[in-house]
Amino acid sequence: MTAGDVLVLNASYEPLQRVSLRHAIKMLVREVAVIEESHDETFGPFPRPKVLRLVRYVVTRWMHRRAHLCTKTAIKARDKACAYCGGSAETVDHIVPRSRGGELTWENAVAACLRCNHKKGNRTPTEAGMALLITPARPTAFVA
């Protein structure tokens with residue numbers, strides 16, 4: 001968050017996101033938002049906004065849908081450490097390698113350190129003689 005960031009609230013006063021001052025002014029010009037709180041200074045004809053509120057309610061289902069996506073960042077957040085040695089999770093390893101048809105799924109990907117990822121290479125953990133410290137699964141918080 002920078003000093004120029006502006007908080008955007010939904011029409012129901014729920015926080016949605018932070019936007020740049022430039023984006024906030026564009027929202028005011030288009031009249032899709034109104035100023036809820038502002039600084040003492042002005043920006044052109046507008047008070048410099050701290051908080052904007054949307055004029056119309058925006059359905060935010062898209063914000064929650066992202067949690068269901070299996071991404072490399074989500075895998076590292078789920079595992080928090082290397083699934084082979086417990087060290088720092090720097091990358092993601094596919095249990096069944098991508099070259100063998102393995103996909104990026106909750107059950108086929110684990111966080112790994114670079115050393116273990118290179119050691120395992122283009123093999124399964126069993127072929128590489130490496131045991132998994134965790135059982136990869138879809139996070140329970142995401143189960144519908």
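This is a chat about the fold of one predicted model and two of its residues.

Me: Before we start, what kind of model is this?
Reply: It's a predicted model, where local features need pLDDT of at least 70 and side-chain atom pairs count only at pLDDT 80 or more, while totals for chains, interfaces and linings use all residues. Residues are numbered from 1 along each chain as its sequence is written, and side-chain values use heavy atoms, with hydrogens and water left out.

Me: OK, how many helices and strands does the chain have?
Reply: Five helices and six strands. Those are DSSP runs numbered from the N terminus: helices are H or I with at least four residues, strands are E with at least two. From the N terminus on, the order is β-β-α-β-β-α-α-β-β-α-α.

Me: Which strands make up the open sheet of four?
Reply: The order is β2-β1-β4-β3, with mixed pairing. The edge strands, β2 (15-19) and β3 (33-43), each pair on one side only. Two strands pair if DSSP finds at least two bridges between them.

Me: And in what sense do β1 and β4 pair?
Reply: Parallel, over three bridges, with β1 covering residues 6-9 and β4 residues 46-54. V8 stands opposite L52 in β4.

Me: Which helix lies across those strands?
Reply: Helix α1 (residues 21-29) lies across β1, β2, β3 and β4, at about 75° to β4. Axes here are lines fitted to C-alpha atoms, for helices over the stretch in contact, and angles run from 0 to 180 degrees between N-to-C directions.

Me: New topic: D79. Buried or exposed?
Reply: D79 counts as buried because its relative accessible area is 14%. Buried means under 20%, exposed over 50%, and partly exposed in between (1.4 Å probe, protein chains only). D79 lies in helix α3 (residues 72-79).

Me: What does D79 touch?
Reply: Leaving aside neighbours within four places in sequence, D79 is in contact (heavy atoms within 4.5 Å) with A109, V110, A111 and I134.

Me: Where's V96, then?
Reply: V96 sits in the loop between β5 (91-94) and β6 (109-112). V96 is partly exposed, with a relative accessible area of 34%.

Me: Which residues is V96 in contact with?
Reply: G102 and N108, again leaving aside neighbours within four places in sequence. V96 and A109 are 13 residues apart in sequence and 8.3 Å apart in space, C-alpha to C-alpha.

Me: Last one: how much of the whole chain is buried?
Reply: Buried residues make up 34% of the 144 residues.
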